[in-house]
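Me: I have a model to go through. Let us take helix packing and salt bridges in turn.
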Amino acid sequence: MVSALPLLAVACGLALSASSVVAAVAAAEGNRRRRQLARTIAIVAAVPLLALVTRPSAQPLVALAVVAALGGPQPLALALAGAAAVLAGLVPMAGVSSLALVLTGAAAALGAHALGRSAWSHLAAGRDGTWTSSVAGAGTCGLVLAVSGNDILRWDYVFASTRGRVDAGDAGLVLALALLSALGGALLLGADALAATDATVASPLARRLGRCALLLAAGFALIAAGLVLRVTGGPDGPPLSGARHAAALVAAAGLIACTVPALLAEGACGDALEEEQQATLLSRLVVVVTLLAVLAAGVEGWRRAGTYLTPLTQRLLSAALVGFAASETTRLRTLARALTLGALAVALLA
């Protein structure tokens with residue numbers, strides 16, 4: 001049973017990623033039945049992850065995935081939940097239980113919901129989804145570069161193992177293709193958005209090619225995740241770096257997949273004001289949960305190290321301050337919410 005848990009978690013992660021695509025299509029079409037289908041898929045995929053709560057190192061990631069699934073069919077949150085599920089199944093079994101990290105995972109899920117609703121409010125207000133998809137492509141480029149580093153410039157992928165540094169050219173090739181596709185899609189869509197003045201779309205051809213390039217990047221990212229797992233996996237499973245790389249690639253694929261449907265829709269559905277109000281409410285809830293995590297981290301630090309001022313406490317306090325700004329600011333709210341999610345992710349993974 002124990003050996004089957006990683007495979008189960010990966011399958012749940014892929015199901016959560018699929019639910020994010022269904023949710024994105026449902027949101028673009030305003031289809032309630034598909035939204036309910038996405039919610040059902042997400043909940044069914046999240047329930048088996050509860051078997052991983054016996055692994056202390058997986059508990060924060062399970063909290064992220066479960067809260068993201070229960071919070072509603074929000075595409076961005078479900079895409080990140082898929083990556084968290086994959087990582088939860090691959091992290092080492094050893095570790096120390098931490099209530100602060102579990103609360104951090106829950107806060108990150110709520111932050112993803114807030115950021116997703118904020119972005120959808122932008123689209124529901126009648127603005128085009130080109131910029132959103134272009135940013136998703138740029139974010140994918142950053143994730144692929146974070147996975148491969150400078151090795152991708154040589155179309156290679158190198159990882160450390162008990163055998164020393166091992167080259168995996170097949171994984172490097174697919175990673176390079178994912179990077180080029182994401183970069184091409186981001187540039188094409190960004191150029192189209194910049195060139196558009198009176199019309200929403202300056203060049204239908206550029207928009208179509210950009211969309212196709214992003215879809216290719218999503219596919220390559222998923223293939224690369226599988227290759228990374230294959231080349232880094234061993235008798236005891238992949239090292240933590242390999243697990244993080246695979247989860248990052250799943251997140252990249254989900255990030256693209258949940259932003260492309262907005263390009264296909266004639267107009268985004270939904271109430272912009274309602275979405276923004278929900279995003280503001282969730283942002284304030286993120287601050288509350290993060291402050292509870294700060295309190296828990298301080299208590300845990302005092303009991304284990306004799307000081308409440310631990311690195312985790314400092315990271316969480318910084319995330320809480322950024323989250324407060326994101327919940328109260330009237331300008332650059334989406335950017336502030338993205339920074340809050342990033343700060344929580346750093347606290348969770350570091």
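Reply: Ready. This is a predicted model: local features need pLDDT of at least 70, side-chain atom pairs count only at pLDDT 80 or more, and totals for chains, interfaces and linings use all residues. Residues are numbered from 1 along each chain as its sequence is written, and side-chain values use heavy atoms, without hydrogens and water.

Me: How are H4 and H9 oriented to each other, roughly parallel or roughly antiparallel?
Reply: Helices here are DSSP runs (H or I, at least four residues), numbered from the N terminus. H4 (residues 75–90) and H9 (residues 240–257) pack at about 160°, axes 8 Å apart. Axes are lines fitted to C-alpha atoms over the stretch in contact, with angles from 0 to 180 degrees between N-to-C directions. Angles over 145 degrees count as roughly antiparallel, under 35 as roughly parallel, therefore H4 and H9 are roughly antiparallel.

Me: What is the relative accessible area of Arg-230?
Reply: Arg-230 forms a salt bridge with Asp-170, closest N and O atoms 2.4 Å apart. Asp-170 is partly exposed, at 32%. Buried means under 20% relative accessible area, exposed over 50%, partly exposed in between (1.4 Å probe, protein chains only). Arg-230 is exposed, with a relative accessible area of 53%.

Technical notes:
Helix = DSSP H or I, 4+ residues; strand = E, 2+ residues; numbered from the N terminus. Parallel < 35°, antiparallel > 145°, perpendicular 65-115°, else oblique. Salt bridge = Lys/Arg side-chain N within 4 Å of Asp/Glu carboxyl O.
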